[in-house]
Amino acid sequence: MTATAIREKLADKASMASQGPAWLAPVREKAFSRFQSMGFPTRQWEAWKYMNLFPVLDAPFHQAQREAALESARTQKLSRDALQWVFSGGYYLSDLSSKPGSGLEAKPLMTALASETAPLAFFARDLDSEENPFVLINTFSFTEGLLLRVPKSWDNHQPLNLLFLDAGGAPSLAMPRVSIILEEGAKAQVVCRMLGGAGQGSVTNAVFEVFLEQGASLKLAQVILQDGPHYPFAAARFYLKSGSSAEQLVYCRGGKMTKLDTRVELEGEGATCRLNGLSILGGAAQAFHELTVNHRAPLTLSRQFYKNILDDEAQAEFNSLSYVFRDAVKSDTQQLNKNLLLSDDARVYSRPKLKIYTDDVSANHGSANGPTQERELFYLRSRGLDPKAARLMLAEGFAREVLDKADMPAAGGEIGRDLRRELQKMVD
Amino acid sequence: MLKIKQLKARIAGNDILKGIDLEVKAGEVHAIMGPNGSGKSTLAKVLAGDPVAEVTGGEVLFEGKNLMELPPEERALAGVFMAFQYPVEIPGVNNAAFLRMAYNAKRKAQKKDEVDPLEFDAILQEKRKVVEIPEDFLNRSVNQGFSGGEKKRNEILQMAVLEPRLAVLDETDSGLDVDALRIVATGVTRLKRPDNAMILVTHYQRLLNYIVPDYVHILSGGRIVRSGGKDLALEVEEKGYDWLTEGQGLRK
């Protein structure tokens, strides 16, 4: 018997999960019916035009077994001291996860949702306008996840770590879902690591929903390190109330095809977001960054700063839209994308876009792509650095600019080390 | 130390240097002056190995080695240093880390042990006084956001760290106000030693008020049309270049 392909499996209503409280069933129904009317993305869709999804959708559907996923996670060196919540093969592993105190709430998502008798205000909130079919799929079929609620009083410098491991073994599909809530004035640093081993590969379809109450402040690092033929897809949806701020640093290295779809709703006056991204891609790796920032309230501010370093036949996309609504007077938005191409066959698609429906606004965007600058290279060589060392220094400097800007102490060090190793391989 | 014989070079298909002869000995300071487009900066670029300049003839011997056969980094390691007319900005590369890399590349070439960041910091603290560079310069990205004067000072800081045998200063005085010029020129003077040599490429005489040259050469139309002592520069200051170039029939 041949296994059902992911495409057929998910299009079947039977893949709609039944777990959860009564109010969740209609939410899942709605997600499923919207997904049915949309279907899977094709190359005709603007946001997916450069992605070849056949390898993902036509792969046989396989879900890792919980026991195998747990065993696989146990072989990893996990920190004992860190505040950490662990997923493997899409399963949330409470045995390997921290039991927090000090008012911090961390629960399996199903347990958290089951304790609610009415729909949570934030949960799957914008289903009606959700354009990403993979978010809809996650919504109707997820069974594993985590809810992290950071209390008002929280101003702890200890980072909160989310760890997503692939379960090894046969290629599998994982659909974790994480809701992060920062209560009024809370300040937190979250590091989310998606680690793919050198095994046979995996497909992840993760959804993150992040809610910032008034004056809350979040630093979120997403560190995606893929050593094997993995397809990490992650959609993040941020909702920001007045005076809150979200800073995100995405670091993406390796893998087969990565799709990160980030949407930020600046809903409260003075809310700010700073989205920084860095991808280091060699071989045939591909990373597609889709960003949408909706300025819906006055005095909101957004900054986007994304860089890609591409070698061999790697490809990357920066597809970003800043949308300033009519009410968002005195808002300020900037988009900047720069790409360093280390080979003639590497390819980048840079598409920063602005839509502005109010006059009183500051907005600008820019994009720059190219090989190593010959003047810079000559400058370093004229000081005695050999071409390899000079190229490494330039590439690292190019990448460092993102890390310096992002100011993400909980992840900056490990990203710096990883990118140096990777760039070293590229210039060798 | 340096012997240039009948050097010819072009940039972007245009013949710029049309036969330069020059000899520089240890302990000497040579000034290369000339009107715009005379080839002064091209000469500096050729010596440093800038790929924009293509050598089409002649010979350059540096301490007996054929300099033109060496890639830029080997020229640097052999002791040739060019201070850029337009120093390049390198975002994301820390100035101190860059200087240490360059310093260690030289140490390695000399078969000496590399120095660690702590040891190098002590060296750097000494050297930065040469050009009165504030400490925060060292932790910024190389030349990024520096003013014109700061960039030139950073060039001289690199020169102080690398201690070249031959320094070629390409219009280091251009774009500097009086104070910046004094700082840069004083810094360069401090670096002068009996065993090194300098070539100052400049349009104006004012730099030579601070750094007194042993020889002055006037370049025009890609050739040296007059050589003399420091008084030649004063004469140029007074009379301009026309009297030198017109008489040679080299000016259009």
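Me: What makes the listed residues count as touching Leu200(B)?
Reply: This is a predicted model, and contact here requires C-beta atoms within 7 Å. Leaving out residues up to four places away in sequence, Leu200(B) touches Val29(B), Ala31(B), Ile32(B), Leu169(B), Leu207(B), Ile211(B) and Pro213(B).

Me: Which residues of the largest nonpolar core touch the most other members?
Reply: That core has 201 residues, and the ones that touch the most other members are Leu182(A), Leu47(B), Val168(B) and Leu200(B). The element that gives the most to this core is α8(A), with ten residues. As a general point, nonpolar side chains in soluble globular proteins tend to be buried together.

Me: Which residues does Ile32(B) touch?
Reply: Not counting residues up to four places away in sequence, Ile32(B) touches Lys40(B), Leu43(B), Ile199(B), Leu200(B), Val201(B), His217(B) and Leu219(B). Val115(B) is 83 residues from Ile32(B) along the chain, and their C-alpha atoms are separated by 36 Å.

Me: Why is α5(B) described as enclosed?
Reply: Twelve of its 15 residues are buried, so α5(B) is largely enclosed by the rest of the structure. Among the buried residues are Lys151(B), Arg153(B), Glu155(B), Ile156(B), Met159(B) and Leu162(B). The cover over them includes β6 (80-83), α3, α4 (117-128), β9 and α6 of chain B.

Me: How do you know what span α5(B) should have?
Reply: At 1.5 Å a residue, its 15 residues should span 21 Å; the end C-alpha atoms of α5(B) are 21 Å apart, which agrees. Helix α6 (residues 178-190) of chain B can be set against the rule as well: it has 13 residues and reaches 18 Å from first C-alpha to last, close to the 18 Å expected.

Me: Which residues of α6(B) are buried, and what covers them?
Reply: The buried residues of α6(B) are Leu181(B), Ile183(B), Val184(B), Ala185(B), Gly187(B) and Val188(B). Their cover includes α5 and β9 of chain B.

Me: What makes the phi of Glu163(B) worth a remark?
Reply: Most residues other than glycine have a negative phi. Glu163(B) is not a glycine, yet its phi is positive, near 45 degrees. The residue comes just after α5(B), in the loop between α5 (148-162) and β9 (166-170) of chain B.

Me: Where in chain A does Lys330(A) lie, and what is its phi?
Reply: Lys330(A) is in the loop between β17 (315-324) and β18 of chain A. Its phi is positive, about 55 degrees, although it is not a glycine. With 14 other C-beta atoms within 10 Å, Lys330(A) is partly exposed.

Me: What is the strand order of the ten-stranded sheet in chain A?
Reply: The order is β2-β1-β5-β8-β10-β12-β14-β16-β18-β20; the sheet is open and the pairing is mixed.

Me: Why are β2 (91-93) and β20 (361-370) of chain A called edge strands?
Reply: Each of these two strands pairs on one side only. Two strands pair if there are at least two bridges between them. Three bridges join β1 (residues 83-88) to β2 in chain A, and these strands run antiparallel, so that pair meets the cut-off. In it, Val86(A) stands opposite Leu93(A).

Me: Which strands of the sheet does helix α8 (residues 387-406) of chain A touch?
Reply: Helix α8(A) touches β12 (245-254), β14 (272-281), β16 (301-310) and β18 (331-341) of chain A, and its direction makes about 155 degrees with that of β16(A). Helix α9 (residues 409-427) of chain A also packs on the sheet, with a direction about 25 degrees from that of β10(A).

Me: Why is chain A called as compact as a globular protein of its length?
Reply: The globule rule gives 22 Å for 428 residues; the radius of gyration of chain A is 21 Å, close to that value, so the description holds. Of these residues, 53% count as buried.

Technical notes
Residues are numbered from 1 along each chain as its sequence is written. Chains are lettered from A and ligands numbered from 1 in the order in which they are written. This is a predicted model: local features need pLDDT of at least 70, side-chain atom pairs count only at pLDDT 80 or more; totals for chains, interfaces and linings use all residues. Helices (H or I, at least four residues) and strands (E, at least two) are DSSP runs, numbered from the N terminus. Two residues are in contact if their C-beta atoms, placed from the backbone, lie within 7 Å. Axes are lines fitted to C-alpha atoms, for helices over the stretch in contact, and angles run from 0 to 180 degrees between N-to-C directions. A residue is buried if 20 or more other C-beta atoms lie within 10 Å of its own, exposed if 12 or fewer, and partly exposed in between; C-beta atoms are placed from the backbone. The expected span of a helix is 1.5 Å times one less than its number of residues. A nonpolar core is a set of buried Ala, Val, Leu, Ile, Met, Phe, Trp, Tyr and Cys residues joined through C-beta atoms within 7 Å. The radius of gyration is taken over C-alpha atoms; the globule rule is 2.2 Å times the number of residues to the power 0.38.
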